[in-house]
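Please keep the sequence and the 3D view side by side as you read.

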Amino acid sequence: MLLLAACCGGHVLPDPPSQSGPYFSVFPVAESDYRYIIPLGNLNPTGHTLPTDHFYVQVRLIDPRTPAEVPVMAPGDIVVTNIVITEHLTDGFSDYALDYRPATSRKFLGRFGHMYSLHPMLSDALTGVTPACHQYTTGGKDFRYCQYEVSIAVATGAPLGTVGARLGGFDVGAHDRMQPPKVYANPARYAQVDLPYAVCFVDYFFDPPRTLLETRFGNGITLRTAAPVCGTVAQDLPGTAQGNWFREGYPDVYPEDDHLALAHDNIDPTRPVFSVGTRATGVTGGAYRYTPAGAGLVNRDFSAVSADGQ
């Protein structure tokens, strides 16, 4: 059952004590309703040129051309803090996202993105709320993003909406400000974003669900076996070529299209990847993988390349 605590203009629930995790006992989709989980750090330029701070849950298929529409459930006792409607202006459809926190913490922030529909109790809560909207372009497509601030308490296992159908899968992101920030070569660049606090959603589950979920990370063909199996977001190695690179004169992290990442594959982290946005002269935006050499000056891993004059 959904419990509507408050809506329409602000957080009115009392501050919780911000307990540390684990917080969750129910994965947002049933075991039979998804196929695999694509780990953190996915490189999908140009919209996701930098290692991605959320993982992707690929839902089951009715047939190879038609992903199912499956229900999404609250993973624990949570408070939905924002509801986002994204209009895909280029492609002519909309999808939804939910920002939430555990009922016992304001330091952990989660998001379910690219949902196909919202439960009526959530969509009805938008009545009378004025959203903050902006329009942007990424990956060569135009979007309109509208965020509605709400405060809705939801019990463990309660329905939130659906995923799948046209979208095939959905995003699951998590950020924890009770943890120290991840290391980046230029921390000041990330001061206004949550990227340094990205964590693995699965790490905040009780057992036994957590142990089972850790066996599902891969791409449907290959499982990720390298630790951490959930993947890695922050890959900067100061003093080397490895990490995120930003176009000169563009101080913002987002949108990512103008930037570049010299990072590692999120399924097989032994494989270096040039993740190229839109601004590299003479190179089409995309992800370019190679097998690193252990010596010499050609095809070395990014971590072996430093400003040594060679």
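Apart from residues up to four places away in sequence, F55 touches I37, I38, P39, L40, F170, D171, V172, C200, F201, V202, F217 and C230, where contact means heavy atoms within 4.5 Å. This is a predicted model, in which local features need pLDDT of at least 70 and side-chain atom pairs count only at pLDDT 80 or more, while totals for chains, interfaces and linings use all residues. Residues are numbered from 1 along each chain as its sequence is written, and side-chain values use heavy atoms, with hydrogens and water left out.

F55 and F201 have the most contacts inside the largest nonpolar core, which has 61 residues. Such a core is a set of buried Ala, Val, Leu, Ile, Met, Phe, Trp, Tyr and Cys residues joined through side-chain atoms within 4.5 Å. With five residues, strand β12 (residues 141-154) gives the most to this core. Strands here are DSSP runs (E, at least two residues), numbered from the N terminus. In soluble globular proteins, nonpolar side chains tend to be buried together.

What are the pairings of β3? Strand β2 (residues 34-38) runs antiparallel to β3 and is joined to it by four bridges, and I37 has V57 as its bridge partner. Strand β14 (residues 169-176) also pairs with β3 in the antiparallel sense, over five bridges, with Y56 opposite D171. Two strands count as paired if DSSP finds at least two bridges between them.

Strand β8 (residues 93-102) is another one to look at: eight of its 10 residues are buried, so β8 is largely enclosed by the rest of the structure. Its antiparallel pairing with strand β7 (residues 78-88) spans 10 bridges, and P102 in β8 is the bridge partner of I78. The hairpin of β7 and β8 has four residues between the strands, and there G92 takes a positive phi near 80°. Strand β7 also holds T86, which counts as buried because its relative accessibility is 11%. Leaving aside neighbours within four places in sequence, T86 is in contact with F93, S94, D95, Y136, F143, R144 and Y145. A hairpin of five residues then joins β8 to β9. β8 and β9 (residues 108-115) pair in the antiparallel sense over four bridges, and D99 stands opposite R111.

Elsewhere, an open sheet of three strands has the order β6-β13-β10, with antiparallel pairing. β6 (69-73) and β10 (117-118) stand at the edges with a single partner strand each, so one side of each has no neighbour in the sheet. Five bridges join β6 to strand β13 (residues 159-164), and V70 stands opposite V163.

Finally, V283 is found in the loop between β17 (272-276) and β18 (286-289), and counts as partly exposed because its relative accessibility is 38%.

Conventions. Buried < 20%, exposed > 50% of the residue type's maximum accessible area, 1.4 Å probe, protein only.
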